[in-house]
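Hi everyone, thanks for making time.

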Amino acid sequence: MGTVLVLPDLASPLEGWHHLNVGHRELRIADYRELNGESGDFDQVTEATISLVRKLPQPVILVGHGFGAFLALNVATTQFGRLDRLMLITPMYQAKKRLVLSNGIRFKSKGSFKTTALDKAATSQLVKSTVDRDLTNQLMHVQCRTDIFCGEQDRRHKQQAEDLYHRLLEGHLTMVPQMDTQLASETFNALNEILR
C-alpha cells in the first residue's frame with residue numbers, strides 16, 4: 001500500500017494536488033497549519049513532518065514543490081529506509097536570500113492566500129526561517145531515488161535542479177517544457193506517469 005505525502009509550495013493553490021493519481025497508495029496533503037506549531041519556524045515544521053512520516057503507512061513517497069521540495073530534502077537526510085522515493089518540483093537545496101523559496105510572497109495580496117497552505121504572515125515567517133540554510137553537506141544521506149522536475153523556462157531553479165541531480169546518489173532530472181515555477185498540467189502528467 002504505502003503513502004504519497006505531498007508537501008506543497010507555500011504560495012501556490014492546493015486544489016490541484018487532490019487530483020494526483022497515486023495508484024493503490026494513500027494520498028495525504030500536508031497541512032502546514034498543523035505542522036507549523038507555535039514557533040512557526042523551519043526546524044519545527046521539519047520535526048513535525050518527520051513525525052508524520054513515521055506514522056503514515058509505509059513506504060512513503062514524498063512529493064515536494066518549491067518550499068515543500070526543500071522540506072522534503074531536509075526530511076530525507078534523516079529518514080533512511082522510511083522513504084521509497086522523493087519527487088521534487090522546482091527544488092532548491094540552498095536557501096540564499098536572493099533565492100526565495102516561494103514564488104513572489106511579498107507581492108501577493110493577503111486575499112490571495114485563501115487558497116494556500118498558510119496565511120501571508122505565517123508564510124513569510126516560515127520562509128524567513130529558511131534563509132541561508134544549505135543542505136549541501138547533508139545530501140549524501142539521501143538514500144532513496146529522487147526524481148527532480150524543473151521547467152525549461154525556470155531560470156531561478158534550473159541551476160540548482162541540475163546541481164542537485166549531480167550531487168544525489170540516485171538523482172533523475174526531467175526538464176518539463178511548458179513549466180516555469182508554477183505547477184502545470186505537464187507537471188502533473190509527469191508525476192502521474194511515475195506514480196500510476
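Searching the whole structure, which is a predicted model, turns up four aromatic pairs. Let's begin with Trp 17 and Phe 188: their ring centres are 5.2 Å apart and the planes sit at 75°, so this pair is edge-to-face. Where do the two residues come from? Trp 17 is in the loop between β1 (3-7) and β2 (26-29), while Phe 188 belongs to helix α6 (residues 185-195), so the pair ties together parts 171 residues apart in sequence. Trp 17 is buried, with a relative accessible area of 1%, and Phe 188 is buried too, at 17%.

Now for another pair, Tyr 32 and Phe 67. Here the centres are 5.7 Å apart with the planes at 80°, so this pair is edge-to-face as well. Tyr 32 lies in helix α1 (residues 32-36) and Phe 67 in helix α3 (residues 67-76), so parts that are 35 residues apart in sequence are tied together by the pair. Tyr 32 and Phe 67 are both buried. They also belong to a cluster, in which ring pairs link Tyr 32, Phe 42, Phe 67 and Phe 70.

Let's move on to helix α4 (residues 120-128). Which of its residues are buried? Those are Ala 122, Thr 123, Leu 126 and Val 127. Around the axis they cover an arc of only 130°, so they are on the same side of α4. Ala 121 and Lys 128, on the other side of α4, are exposed. And what covers the buried residues of α4? The cover includes α1, α2 (42-55) and α3.

Technical notes. Residues are numbered from 1 along each chain as its sequence is written. This is a predicted model: local features need pLDDT of at least 70, side-chain atom pairs count only at pLDDT 80 or more; totals for chains, interfaces and linings use all residues. Side-chain values use heavy atoms; hydrogens and water are left out. Rings of Phe, Tyr and Trp (its six-membered ring) pair if their centres lie within 6.5 Å; planes under 30 degrees apart count as stacked, over 60 as edge-to-face and the rest as tilted. Helices (H or I, at least four residues) and strands (E, at least two) are DSSP runs, numbered from the N terminus. Buried means under 20% relative accessible area, exposed over 50%, partly exposed in between (1.4 Å probe, protein chains only). The arc is that of the directions from the helix axis to the C-beta atoms. Contact means heavy atoms within 4.5 Å.
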